[in-house]
Amino acid sequence: MEQHTIRLHPIGKELKVNDATPLIDVLHEFGIEFPCGGKGTCGKCKVRLLDGEIEITETHQRKLEQLGLSSDWRLSCFSLCTNDITLEIEQYNHLILADETEFDFSPREGFGIAVDLGTTTMVAQLLDLSSAKVLAVETMLNPQLKFGADLISRIQACLDGHAPEMAHIIRSSIGTMIRLLLKKHNVALSKMVLVGNTVMQLIFSGCDVSPLSCYPFHTDNLGLKIFNPKELGWDFSMKEKVQFYPSVGSFVGSDILAGIAATGLHQKQDYTALIDLGTNGEIVVGNKNRIVCASTAAGPAFEGANISMGMRAVTGAISSLMLNHGKIEASVIGNTEPTGICGSALIDAIAILRKMDLIGIFGEINSGDQYIPVAGKVILTQRDINEFQLAKAAIAAGLAILAKNLTIDLAEIKDIYIAGAFGSYINIENVVETGMIELPASKIHKIGNTALIGAKMFLFSDMGITEKILANTRHISLEADPNFQDIYVDKLLFP
Ligand code: FES
């Protein structure tokens with residue numbers, strides 16, 4: 001019997017199946033859920049068709065329309081595999097933040113693509129350079145997720161000999177995003193800019209990441225990387241070469257460079273801070289004269305890692321918590337029984353439990369129990385609280401050390417911008433309550449995907465803007481500060 005291949009993104013799995021195999025038969029073991037039993041009403045079995053064809057019946061089409069799904073989605077419960085296909089599995093989806101922010105620009109001719117290449121997620125936008133209008137957006141999970149969620153696992157995978165494959169799959173996935181963008185608007189490209197953290201830039205560019213694997217965790221290979229589309233395996237031509245923007249430091253990449261450009265902190269008289277709470281946590285503080293930046297290990301706890309009932313923002317996750325007349329009320333994604341807690345609600349939980357005096361200043365559970373019930377079966381253990389303290393202290397200590405490097409008081413920072421998908425869902429009052437940012441909530445603002453905003457701004461500029469920012473920016477290693485330990489231990493306490 002004729003066989004076909006199903007490729008599953010982002011886990012990189014390949015399945016060989018017989019012709020006309022129902023997807024429902026083969027996808028359940030990869031985390032696809034079928035809550036409505038295949039009636040086409042819940043939409044939970046949706047997959048995104050990245051490549052190949054899946055025929056759609058009239059009923060299937062109607063169900064997709066009722067669920068408000070666009071033409072690249074399919075319901076697994078209505079689909080048969082009749083040729084080779086590549087699918088993105090929805091259950092692995094993260095919050096991916098695109099952007100429609102307006103910015104100042106000088107019109108140019110042609111069309112450009114801006115890409116934010118994140119450790120976990122990728123976003124590409126196609127722009128008309130004469131108007132800065134976003135014509136189309138594509139988002140995708142980083143296919144390197146199969147090599148581990150964080151940067152350390154990616155670096156290790158490179159050291160284990162997977163670097164060529166990791167470069168190949170990331171180039172090929174971005175190539176797919178470009179193809180999908182150009183399918184929506186068949187235009188001739190003139191410019192393309194990518195931004196991402198240093199490790200992503202080096203892997204994409206086929207460069208050695210091993211200097212980042214051992215002391216002093218430093219690489220000098222931070223500069224702009226340029227490519228012909230053909231050498232990246234992309235089958236389209238472009239007026240200018242593809243540019244992967246320069247990194248600021250060994251663990252502070254061009255996504256933060258783009259963030260600086262997007263906030264305009266390099267042009268302001270007042271001190272401004274930018275905190276990007278992604279898989280990594282990067283912090284920048286500065287003004288038009290001097291900028292300092294650093295990376296922290298704060299990200300994983302906010303993505304649910306190391307938290308006993310931590311999970312990503314998918315069905316069943318508590319997304320936020322409120323204290324109402326002494327009772328904790330939970331919002332759960334999908335309105336189901338809560339099965340875990342995601343990063344934004346973890347901050348709420350800690351802030352609320354502190355207000356209820358159930359957690360002490362050192363993070364201890366005041367009752368002496370080993371856990372506190374939060375909502376339904378979801379609990380926070382003593383260890384979870386301590387993990388949160390480590391993460392929040394990393395941010396608070398990072399801000400304090402950067403301010404110290406600028407010889408300013410923290411209170412002199414006029415505005416703090418919180419970037420990233422996670423940042424856009426957090427409750428700022430609760431952030432302040434936990435002591436993660438020791439400034440009034442009125443100074444803290446959510447700003448969205450600054451990496452993407454900056455990448456789009458770079459489509460309209462030459463390298464001059466970035467050279468100026470880089471010349472004024474110093475990368476600080478927080479751990480190298482002689483007072484780091486004292487400051488960090490102090491910030492572990494709750495206010
Ligand atoms: S199982 Fe509910 S839509 Fe497919």
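Aspartate 348 touches Ser319, Ser320, Leu321, Asn427 and Asn430, leaving aside residues up to four places away in sequence; contact here means heavy atoms within 4.5 Å. The structure is a predicted model, in which local features need pLDDT of at least 70 and side-chain atom pairs count only at pLDDT 80 or more, while totals for chains, interfaces and linings use all residues. Residues are numbered from 1 along each chain as its sequence is written, and side-chain values use heavy atoms, with hydrogens and water left out.

Aspartate 348 belongs to helix H7 (residues 343-355). Helices (H or I, at least four residues) and strands (E, at least two) are DSSP runs, numbered from the N terminus. A salt bridge is a side-chain nitrogen of Lys or Arg within 4 Å of a carboxyl oxygen of Asp or Glu. A polar atom of the aspartate 348 side chain does lie 3.0 Å from the backbone nitrogen of leucine 321.

Salt bridges do turn up elsewhere, and the structure holds nine of them. In general, side chains of opposite charge can pair when their charged atoms come close. One of the pairs is arginine 48 with glutamate 88, whose closest N and O atoms are 3.6 Å apart. This pair links distant parts of the chain, with arginine 48 in strand E4 (residues 46-51) and glutamate 88 in strand E7 (residues 85-89), 40 residues apart. Both arginine 48 and glutamate 88 are buried. Another pair is arginine 179 and aspartate 51, with 4.0 Å between the closest N and O atoms. Here arginine 179 sits in helix H3 (residues 151-184) and aspartate 51 in strand E4, 128 residues apart. Arginine 179 counts as partly exposed because its relative accessibility is 37%, and aspartate 51 counts as partly exposed because its value is 39%.

Glutamate 138 and lysine 184 also form a salt bridge, their closest N and O atoms being 2.6 Å apart. Glutamate 138 lies in strand E10 and lysine 184 in helix H3, 46 residues apart. With a relative accessible area of 3%, glutamate 138 is buried, whereas lysine 184, at 45%, is partly exposed. Salt bridges that share partners join Arg48, Asp72, Glu88, Glu138 and Lys184 into one network.

Strand E10 also takes part in a sheet. Six strands form this open sheet in the order E10-E9-E8-E11-E13-E12, and the pairing is mixed. Two strands pair if DSSP finds at least two bridges between them. At the edges are strand E10 (133-141) and strand E12 (225-227), each of which pairs on one side only. E12 is joined by three bridges to strand E13 (residues 242-244), and the two run antiparallel. Within E13, glutamine 243 is the bridge partner of isoleucine 226.

Lysine 239 is found in the loop between E12 and E13. Is lysine 239 buried or exposed? Lysine 239 counts as exposed, because its relative accessibility is 68%. Its contacts, not counting residues up to four places away in sequence, are Leu189 and Ser190. The C-alpha atoms of lysine 239 and serine 190 are separated by 4.5 Å, although the two residues are 49 apart along the chain.

Helix H5 (residues 254-263) is mostly covered, with nine of its ten residues buried. Among them are Ile256, Leu257 and Ile260. Just after H5, glycine 264 takes a positive phi of about 70°.

Strand E16 (residues 291-296) is likewise covered: six of its six residues are buried, so it is largely enclosed by the rest of the structure. On one side are Ile291, Cys293 and Ser295, and on the other Val292, Ala294 and Thr296, all buried. E16 pairs with strand E15 (residues 281-286) in the antiparallel sense over six bridges, and a hairpin of four residues joins E15 to E16. E16 also pairs with strand E24 (residues 473-475), in the parallel sense over three bridges, where valine 292 stands opposite arginine 474.

Methods:
Polar contact = N/O pair within 3.5 Å; in protein donor to acceptor, adjacent residues only side chain to side chain. Buried < 20%, exposed > 50% of the residue type's maximum accessible area, 1.4 Å probe, protein only.
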